[in-house]
Amino acid sequence: MFLKEVYRHSKWMFAGMLFFSLGQLLVNYKRGMVFSPFFHYGMYSAKVEPRHSYLVNIVTVDGDTLSGADYTPPQWDKIQYTLQQVVASSCDSLFYQNQILRLYRKAGLPAPNSKYFVNFGNRQKRLETYKIWLAKQLGKKGASIKVSQNRYVYYFEKFVFQQKMDTLSGTNILCH
Amino acid sequence: MPLTLQHRNTFTYWWVIFFYVLAIIKWWQGLWLFQFDPFMFTTRFDGTTWLFMQTGLHLMVLQSNWAALMLDVLFYSFPFIYLLFYLRKPTTAPKIAWLWLIINWIYVQCYTLYPTNSIEAHIPWLLFPILFCSASLKSFYFVMQGLRYFFLYFFLSAGIWKLVNGGAFQPAQMSAILMDQHKDFLITSPDYWQSKLIYLLISMPVTAFILYWIGIIIELTYVIGFFSRRYDRLLVILFILFLVFDHLLMRIPYVEVTPFLLPLLYSHYGMPDREEVRVV
């Protein structure tokens, strides 16, 4: 058995590997919080049902809508996912209050300063910063960038525009 | 055939090549930290990260892109520095590897706090320097085998989770995932070839679900690695197949995980016969 051979070779290495294995198993068993490098790899494992409608953020630069096909997947994620996080960033404080403070108290640790966990400023300010950041990322400093949110429905094998939203809304994992 | 210093050398060269090929790809896509030039961070549900965040290093990167550049320089130069020591001063190389481990932890913790970067995909950078900390060939052998087992677990557990959480028993699962994952891409680029392919799969939920199950079967196949090393090359091929389809259908380039292929490719070498400390 592998661990037995490791034990014979070095007791320190054996202890390290045992700790690492048990940490992985514990994080998997608890299914909640992780402690890097102990993760659970449950990506796309939860049941997903097709939704009635989908909210999508649309970015226009100097009047032209940015198209996913013009970027590599990581570049497109950088544009879209960063925007999603900006939109959902108002949940930062909620997460700090409901999770971080709660768990620090539970562990008997002093409450950490919120500045380390909550982004500075409000969402509107972050959205403006996003536009400046994106213009720089696209190499178009000073370009006019607009962000809007539309609702789409999947109808006859295509996404079809349904409604333009008045305000941006969105959630991320921190909102729960 | 037992593992020799020659094998350790080629393993190290390949690892460094992997690292720098990925570094060039990331540079080209603007994914180095200073290119990302982050302006906000996202907190994840990770206790280790919370402790790290209390150092305030992630805030320094937000305030100055020079801090980001400094982290990039450290992160991207250390494999080369390690290789230099490994070749010229092999007895010092393990100490350099410990330093490398610390640098990688700081970098990955920081890098993955900014949007789009998943820490799970960066696990090779967190774990592999431990392998290079090994002073003796036997330690190298055991840590390499340990990393191999970790990779098997990584993949196998992903398959098991799909069974446990019920995704594997939800017929519309893959169509729903594709819609959710690609909605912004499909809406902004409806006529692109990849959009047409994804739309086609969404409209054929049974075919999409079969593909989801093929993914699960590939992940579950990794269980055989716990019982025999004989099929490791097959596991490598399955992993590459998985990567290609992940890129094609999910637009997820999971290439950061490719260094884990090395322990699979070198696993057929047995325990070293004797202790060899010197490298050259």
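Strands here are DSSP runs of E, at least two residues, numbered from the N terminus, and helices are runs of H or I, at least four. Two strands pair if DSSP finds at least two bridges between them. This is a predicted model, in which local features need pLDDT of at least 70, side-chain atom pairs count only at pLDDT 80 or more, and totals for chains, interfaces and linings use all residues. Residues are numbered from 1 along each chain as written, chains are lettered from A and ligands numbered from 1 in written order, and side-chain values use heavy atoms, without hydrogens and water.

Pick A:Asn150; its bridge partner in S4(A) is A:Lys164. Go to the hairpin, with two residues between the strands: A:Phe156 takes a positive phi near 50° there.

A:Tyr54 has A:Tyr152 as its bridge partner.

Move to chain B and show B:Trp15 and B:Phe128. Rings of Phe, Tyr and Trp (its six-membered ring) pair if their centres lie within 6.5 Å; planes under 30 degrees apart are stacked, over 60 edge-to-face, the rest tilted. The count is 69 aromatic pairs over all chains. B:Trp15 and B:Phe128 form a tilted one, 5.8 Å centre to centre, with 35° between the planes. B:Trp15 lies in helix H1 and B:Phe128 in helix H7, so the pair ties together parts 113 residues apart in sequence.
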